[in-house]
Amino acid sequence: MTTRKKAVGRQTKETDVKITLALDGVGQHSINTGIGFLDHMLNHIAVHGLFDLTVRATGDLHVDAHHTVEDVALTLGRAFDQALGDRAGIVRTGSAHVPMDETLAFVAVDLAGRPYCVTEIEWAGHTVGGLPVTLIPHFLESFAVAARANVHARVLYGRDDHHKAEALFKALGRALDAAARLDPRRGGAIPSTKGTL
């Protein structure tokens with residue numbers, strides 16, 4: 001099997017991000033973005049998606065978290081895009097419902113090569129774990145663009161914002177794992193009637 005692993009970096013005047021990603025991993029992870037809650041969410045993508053993931057990021061956190069969150073999402077999306085290669089033989093679509101106590105979240109992804117993101121999340125407050133809640137859909141949107149993927153994410157119900165975010169990121173990991181898996185029945189064919197993604 002071809003090794004589906006990539007190391008990707010992004011450096012700007014605002015941030016410096018380095019990510020290594022192995023799609024066919026076991027969930028090993030080492031993550032430090034300088035934003036504790038973002039680290040916690042990325043841990044869930046790795047553990048529940050069974051991706052081996054290393055993230056190192058520094059950014060202008062004296063301004064706010066926006067640039068770091070956005071650039072981590074873009075770099076992670078690019079790592080997925082590059083690790084998938086031409087996407088031959090993959091399942092392509094995946095989805096997951098994940099409960100966490102009183103909360104239920106749903107994420108569906110299509111690794112179609114076309115970026116699009118839809119989020120439906122109602123938050124109780126303005127921040128969660130010190131992170132502005134507006135940056136969570138922005139993370140998903142930025143990831144979808146760079147990964148060239150459809151990402152649809154919903155919190156169906158819940159009260160606690162921490163539970164909502166955690167369930168979403170667990171579901172994202174599960175959905176990405178399902179979509180990125182190699183399907184032996186495809187025999188390496190592109191999963192599209194067009195013959196290309």
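View 1. Helices here are DSSP runs of H or I with at least four residues, numbered from the N terminus. This is a predicted model, in which local features need pLDDT of at least 70, side-chain atom pairs count only at pLDDT 80 or more, and totals for chains, interfaces and linings use all residues. Residues are numbered from 1 along each chain as its sequence is written, and side-chain values use heavy atoms, with hydrogens and water left out. K194 has a relative accessible area of 64% and is exposed (exposed means over 50%, buried under 20% and partly exposed in between, with a 1.4 Å probe and protein chains only). From K194 to G9 the separation is 185 residues in sequence and 32 Å in space, C-alpha to C-alpha.

**View 2. A178, a residue of helix 4.** Leaving aside residues up to four places away in sequence, A178 touches V91, T93 and G94 (contact means heavy atoms within 4.5 Å). V8 is 170 residues from A178 in sequence, and their C-alpha atoms are 22 Å apart in space.

**View 3. Helix 3 on its own, with 13 residues.** From first C-alpha to last, helix 3 reaches 18 Å, close to the 18 Å expected at 1.5 Å a residue (the expected span is 1.5 Å times one less than the number of residues). Helix 3 is mostly covered, with 11 of its 13 residues buried; among them are H138, S142 and A146.

**View 4. Helix 3 (residues 135-147) alongside helix 4 (residues 161-180).** The two axes come within 12 Å and cross at roughly 15° (axes are lines fitted to C-alpha atoms, for helices over the stretch in contact, and angles run from 0 to 180 degrees between N-to-C directions). Helix 3 and helix 4 are therefore roughly parallel to each other, a term for angles under 35 degrees.

**View 5. The contact between helix 3 and helix 4.** On the helix 3 side sit I136, F139, L140 and F143, and they meet A165, L168, F169, L172 and L176 of helix 4. The residues of this contact divide into 9 nonpolar, no polar and no charged (Ala, Val, Leu, Ile, Met, Phe, Trp, Tyr, Cys and Pro count as nonpolar, Asp, Glu, Lys and Arg as charged, and the others, Gly among them, as polar). As a handy reminder, an α-helix has 3.6 residues a turn, so residues three or four places apart point the same way.

Methods: Helices (H or I, at least four residues) and strands (E, at least two) are DSSP runs, numbered from the N terminus. Angles under 35 degrees count as roughly parallel, over 145 as roughly antiparallel, 65 to 115 as roughly perpendicular and the rest as oblique.
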